[in-house]
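Hello,

Here is the structure I said I would pass on. My notes on it follow below.

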Amino acid sequence: MGRRPLSRRAFIRAAGVAGAGFVLYAYTPGGTRQAVAAIPGGSLDPAALPKFVTPLLIPPVMPRAATIRLKGGKPADYYEISVKQISQQILPAGLPATTVWGYGAVRSANKKGLLIHNAPSLTIESKWDRPVRVKWINDLVDADGNYLPHLLPVDPTLHWANPSGGESGRDTRPDLAGHTYVPVAEFTDPETQYTSYTGPVPLVTHLHGAVGVGDESDGYAEAWFLPAANDVPAGYATEGTWYDFFAGKASTSFDATWGPGFAVFQYPNDQRESTLWYHDHTLGMTRLNVYAGPAGFFLVRGGPEGEKAILDSRSGRTAVLPGPAPMEGDKFPPNKTYYEIPIAIQDRAFNEDGSLFYPDSREFFDGATAHDPGFIPVTDLSPIWNPEFFGNTIMVNGNTWPFQVVEQRRYRLRFLNGCQSRFLILDFADVVGVEVWAVGNEGGFLAAPVNLTATNGNRLLMGLAERADLIVDFTNVPVGSYVLGNLGPDEPFGGGEPAVGGESDDEHFEVADPDTTGRVLQFRVVPAVAPDPTTPPQFLTLPPITPLPASTVTRPLALIEMMSMSWDGPAEALLGAVDGDGMPVHSMWEEPVTENPAVGDTEIWEFHNFTADAHPMHVHETTFEVIDRQALVTDEEGETEPPSRLVGDPRPPEAWESGFKDTVIAYPGEVTRIKARFNHPGQFVWHCHIVEHEDNEMMRPYRIGPVQPGQPGEQV
């Protein structure tokens, strides 16, 4: 492409001088960093929002539509779940409601089942080895059955779903030669100008962390579908390139029929007990669709490595974890107390009318405009896509800065970092007397409990899409109110330590705004109402980890970010391979599969990071062991200097990364190694979970096993 990898630190330094985009700091001639602005966003000032006045919503359980029998008679849970546009009170009471999208059940076999759409949505509770089948419905239509346009600006210049391109142009980067981008307000001539996409919205749901799922049920980015609206424009593609192929597989594999506006997916649930979550995964639109609201928890319980296999080391008997959690049929609002709570942390920005704010121009990030230097096709810059986005408001389980009443006892809190680009460092330091233990991550329980209070200063780093299963002990916390903090930065994360109580430097980064994004939620501690029956975490013997077999292949892979040829800023983020000389070689989304494990193989994947950002890397279909990380030769900016060359000794994974994961932080200037086993054939993806990166080329298809007869784009 004739581009050089972007120096992120150099770019932030240059952009900071102009005070543009999300950058919060300028640099003096001597190199000293100075704060220049609050985090930009919409017209609603987050500092002025009342905080800790809304009780934390504990998501209820999604009702099942039926219990069905599969081939051979095995029972399965069946759900019918749609995405609708709703009005939701996200901001504190008295302020305007917000229009969002949310998942919700449309049918319940139980009369007590909650037919509620919410953002985030209700939790799907599942049992180990009991399959779950879901009819996912795109219901983004109005009361008359006409399609609803997107709530947010859709960039039509990316390699994206592109329904308006028809069957021949869907899932492509449109050819806009001879056209010029103009903002909507200036648009006059459709023959020579183009603007954001305002047509019907494509969706496809991915169950993040599902293992052993067929590729037809994984939410492949090109298997999207439009709503069955009355007014889909003539010539539009109503399904993605892979939809029909996967519909045929679903029919053959489990007798499911797909149709206009829906698809039916099936999850085997034979993986370890773990915390999964579901969200949209449409090509080139994930950042927008997820930001609009649709996401929810999916919990797998039971099995030989589940909660019942945890022992109390004092007695050798089954240990007791904090509970209960919400159950299907519980009232809403609940009339019982929960001691196991899922907590989804997301960052957003709002306007004064309550509406979501998301940038409608690349100008937000670094000042690039349609007039200077111009956008695609005049330059290589997309007009609306922003390389990262940092919301200036923290939202937890669908409300801004809520509070949760907790007793002086132990709780099980399942955290999810559901932000756009923001790395979190959860900080319990303000909670006097608390003790925090990590017992699980994305792939289930750890090898052993990790005392974060003793070893990590009551802090936990969480990359995008990572989950943390924590036992938080409030027993010795005095009655009162305490804030869970966030020490992650309000800018791209590149590793290092937070500059708490001191100046930032090369080793320490500026922490989140202590008045806004540096606060997550409030705990209001009250006396316990009864003795705590749970096992203290130090006495938990977690289920043993069965190591993966020896690897047969090692794949050196490259994480790359490319500088624009016409502007001092990034044009896109990319993935690729490291060649035999140690040089990064990028591949675009549409290029042929280059990662092709054989069925049953165990492989080591090495993520060589050639950028200045840390990237949370997610591999669909499998979970993996984190093996180690090792330094690479870096340049004066601290970025990997091609060719990739190792320095020093590898360092082991963090204690809370033991067991199995599905997302791992790959730091700049390092290679991060994982080991995974690929047991189920099909077409899947691997990508960065900074969703702005994922939507602009930092995602690649990979295939387990041979090409499938009839699959799109390839011949056997």
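Tyrosine 220 and phenylalanine 246 are both buried. This is a predicted model, so please read everything here as computed from it. The ring centres of tyrosine 220 and phenylalanine 246 lie 6.0 Å apart with the planes at 85°, and since over 60 degrees counts as edge-to-face, the pair is edge-to-face. Phenylalanine 246 belongs to helix H3 (243-254), while tyrosine 220 is in the loop between strand E10 (205-208) and that helix, so the pair ties together parts that are 26 residues apart in sequence.

That pair comes from a search of the whole structure, which finds 37 aromatic pairs. Another is edge-to-face as well: tyrosine 103 and tryptophan 136, at 5.4 Å centre to centre and 65° between the planes. Tyrosine 103 is in strand E5 (residues 98-105) and tryptophan 136 in strand E7 (residues 132-138), so this pair links parts 33 residues apart in sequence. Both tyrosine 103 and tryptophan 136 are buried.

There is also one aromatic cluster formed by Tyr339, Tyr411, Phe415, Phe428, Phe474 and Phe523.

Two charged side chains sit over rings. The charged end of lysine 51 is over the ring of tryptophan 401, 4.5 Å from its centre, and that of arginine 524 is over the ring of phenylalanine 403, 3.5 Å from its centre.

Last, the sheet. Seven strands form an open sheet with mixed pairing, in the order E17-E16-E15-E19-E24-E21-E22. Strands E17 (399-400) and E22 (444-451) are at the edges with a single partner strand each, so one side of each has no neighbour in the sheet. Strands E21 (residues 435-441) and E24 (residues 467-473) pair in the antiparallel sense over five bridges, with alanine 438 opposite leucine 470 in E24.

Regards

Technical notes: Residues are numbered from 1 along each chain as its sequence is written. This is a predicted model: local features need pLDDT of at least 70, side-chain atom pairs count only at pLDDT 80 or more; totals for chains, interfaces and linings use all residues. Side-chain values use heavy atoms; hydrogens and water are left out. Two strands pair if DSSP finds at least two bridges between them. Helices (H or I, at least four residues) and strands (E, at least two) are DSSP runs, numbered from the N terminus. Rings of Phe, Tyr and Trp (its six-membered ring) pair if their centres lie within 6.5 Å; planes under 30 degrees apart count as stacked, over 60 as edge-to-face and the rest as tilted. Buried means under 20% relative accessible area, exposed over 50%, partly exposed in between (1.4 Å probe, protein chains only). A charge sits over a ring if NZ of Lys or CZ of Arg is within 6 Å of the ring centre and within 35 degrees of the ring normal.
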